[in-house]
Amino acid sequence: MMMICPVVALSLLFALLIATPPAVHSQTSWINELHYDNAGTDVGEFVEVAYPTGTDVSAWSLYFYNGNGGTVYSTKTLASCTSTTNTGAGITFTLCYESGIQNGIRDAIALVDGSNTVLDFIAYEGMRSGGYSGGPANGLSAVDISVSEDSSITQSGYSLQKTGTGCTRDAFTWTGPINDTPGAANAGQTFTCSGTTPAPTPVFTPALTPTPTPAPTPAPTPAPTPAPTPAPTSAQPTTTPAAWINEFHYDNDGTDSGEFIEVAYTSGVVISGYQIVLYNGNGGSSYGTPTLSQGTLVGSVYLTVIDFPSNGIENGAPDGIALVDGEGAVVEFLSYEGAVTASGGPADGFIFTDIGVFETSTTPIGLSLQRAGSGCQGSAFTWQSPSANTKGAVNTGQTIACGPATPTPAPTTPAPQPPTTAAPVAPVSNLSVKAMTYNIKEGGTLGTEWKDIVKAENADILVFTEVGNWDDNNDQLLNQYLNEFNSYFSSETAYIGNTVQGISIANSANAIMTRFPIAYFIQLTDAILNSDLAHDIMAWKLDVANGSKFVWVFGIHLKCCGGSTNGVRREDNMAKLLDWIDANTAATDGVILMGDFNSVSPGDTDPSFAGYQSGFQPSAGSTLGDGPLRILLDSSDPRTSTVHTFRDAFREANPTCGSNGSCCADTLCDADLSNACPERGYTYVSDFDSRIDFVIVNQQVVVSGLGTVGDATLNGANVCTASDHLPVDVILDF
């Protein structure tokens with residue numbers, strides 16, 4: 001038997017290591033565009049590959065990796081892909097449609113050539129710090145593209161794509177979701193290829209790379225030398241990964257202002273997949289789920305701050321906050337002003353820990369609740385009574401001792417946000433927009449005629465009332481109806497939707513379907529509206545002009561029934577809502593209030609009110625007052641808005657009897673009504689005849705076309721039998 005001395009063996013080991021270099025990426029070939037997720041059923045999923053014109057890609061492949069476990073779940077050869085396009089600028093695209101691209105966190109895609117060299121390796125919704133396993137990218141770490149698509153808000157026909165100017169992968173940065181460009185240069189992308197091929201640049205390295213040292217010089221009597229120990233790559237943290245809620249502010253004297261939550265985390269935490277879930281102590285349901293973006297390195301930790309509008313964080317007695325990681329696991333859960341048991345969402349069934357300190361309606365502006373002490377994880381610190389806030393900095397009396405942090409490169413584009421932040425390009429024109437509100441009665445479960453009316457009307461913005469059951473089973477009914485309507489309107493921009501959460505009865509609250517991106521949403525609860533008998537009100541901020549103009553839409557459902565007590569409740573709710581609107585919207589924003597106000601308009605009932613006509617009077621059976629509409633429309637009312645001037649859009653479109661003869665649903669649905677005034681706009685013709693469903697607009701919204709009430713039928717469905725309310729629509733310009 002031949003013996004090999006330890007020194008020679010060690011030298012052979014190093015030679016083998018050096019002879020097997022990590023995979024490299026020739027920056028001249030890359031993944032250029034991707035679509036994997038959209039609202040409703042995923043459609044049109046694809047990957048677009050860019051490479052120098054003339055390159056033989058017939059043996060190239062795409063490998064799809066699962067972020068949960070890091071293994072390969074699918075492969076596709078470029079030879080089997082849909083199309084190839086020569087841009088004429090030195091770059092050619094191969095477009096690969098592939099159904100079933102996974103939507104999960106930390107999923108990845110590798111572009112591999114015929115020799116199994118990984119040319120590009122991207123991850124979305126975070127990346128696995130320990131690398132991926134199997135296939136050509138075995139042991140490699142992908143590059144997180146820092147943008148993502150969302151199953152609740154991303155429109156079909158949108159994608160993630162590279163933008164910029166150049167001829168190599170790193171000359172471009174990822175952006176989106178925006179309108180897709182399959183098989184063509186992306187929006188804002190220009191190629192400047194000179195015909196030469198840049199040298200390959202090493203990019204992808206194994207998650208753990210052995211670090212060889214020079215072989216020791218042989219000696220006459222060599223001493224055994226320990227084998228080298230693999231050194232961690234820079235992607236590994238120098239301390240145990242940890243994340244915690246470090247500071248927050250939710251209540252102060254007067255109108256709440258400057259509300260925020262600050263999260264601290266160590267290197268090694270992929271924060272882009274984390275989210276904050278806000279829980280209402282009254283019932284335990286969630287009411288907001290903002291995600292976290294890359295933080296700022298402060299000493300040895302990163303700090304990420306999420307800002308909220310006034311009353312965006314509820315004022316307790318009690319309420320809860322959960323910090324949830326990218327895989328849906330609850331990292332931390334805490335409550336203030338008492339204990340909370342979560343119902344639904346990632347913290348379902350958790351009993352939140354009361355932090356023992358709180359703010360009140362007399363807490364001075366500028367204070368916060370924050371952790372103090374010394375350590376490197378949340379449990380090392382204790383919560384302190386309100387003190388001057390240190391937002392974005394280490395707290396007063398806090399020493400965070402985590403050892404040196406490994407700096408994390410900032411993403412090349414802002415981290416993606418949920419509907420609570422910036423939205424992509426608006427897909428439809430902001431002129432001649434059809435807005436419709438419709439109380440469909442008990443979630444639309446009593447019949448299907450209401451769906452025929454929606455299909456016949458083809459509105460761009462729809463607000464539904466009485467949809468308290470649409471959130472059941474993870475928004476099952478909302479998604480079911482979104483899929484049905486988007487399939488029916490297959491040639492239109494797809495609807496995206498959002499619905500009230502945590503309402504136990506069907507005949508309450510609101511939902512929206514819209515062809516405009518939702519930039520932000522919030523559920524205004526009874527704590528904000530100052531009444532435990534109020535229906536929650538949904539607020540949605542729509543991007544109607546590619547980030548340059550926004551329209552707030554409020555889904556209204558005020559307390560039902562006649563009597564002075566209910567009237568006072570409705571007025572109080574409206575006054576509180578206007579306080580919130582004035583504090584959280586600008587005079588340059590469009591504002592629309594749509595829904596069932598359970599109130600009449602002074603323009604229909606008060607002869608002294610501007611625009612009054614006797615033909616619009618409700619029937620004698622109506623006992624609903626006009627308080628909420630008077631607060632909105634009467635500039636002399638002390639409770640009216642100080643920022644906006646509101647108008648009744650339907651009445652503005654139909655100012656007199658006979659001005660719109662095509663609007664006749666009220667007479668069709670009630671034989672006792674005269675055809676002499678068909679456009680009264682009566683939306684309730686059941687127990688009594690009156691107009692109680694409205695579209696109210698502010699000074700930034702133009703009424704540009706006639707409004708109608710329930711004028712449509714489809715497939716023989718009669719609008720009168722679809723619900724006990726009739727739909728109202730108007731044509732608007734933003």
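Tutor: Let's start with accessible areas, which come from the Shrake-Rupley method with a 1.4 Å probe, and for residues only the protein chains shown count as cover. In this chain the accessible surface comes to about 27900 Å², and carbon and sulfur atoms hold 53% of that. This is a predicted model, where local features need pLDDT of at least 70, side-chain atom pairs count only at pLDDT 80 or more, and totals for chains, interfaces and linings use all residues. Residues are numbered from 1 along each chain as its sequence is written, and side-chain values use heavy atoms, leaving out hydrogens and water.

Student: How many helices and strands does the chain have?

Tutor: Both are DSSP runs numbered from the N terminus: helices are H or I with at least four residues, strands are E with at least two. Here you'll find ten helices and 40 strands.

Student: What share of the residues is buried?

Tutor: Buried means under 20% relative accessible area (1.4 Å probe, protein chains only). Of the 734 residues, 54% count as buried.

Student: Why is helix 2 largely enclosed?

Tutor: Seven of the nine residues of helix 2 (residues 449-457) are buried, so the rest of the structure largely encloses it. Among them are W450, K451 and D452. The buried residues pack against strand 27 (433-439), strand 28 (461-465), helix 3, helix 10 (719-722) and strand 40 (728-733). Just past helix 2, N458 has a positive phi of about 50°.

Student: What does W450 touch, beyond its neighbours within four places in sequence?

Tutor: Contact means heavy atoms within 4.5 Å. Leaving those neighbours aside, W450 is in contact with residues including Y438, F464, W470 and A722.

Notes. Buried < 20%, exposed > 50% of the residue type's maximum accessible area, 1.4 Å probe, protein only.
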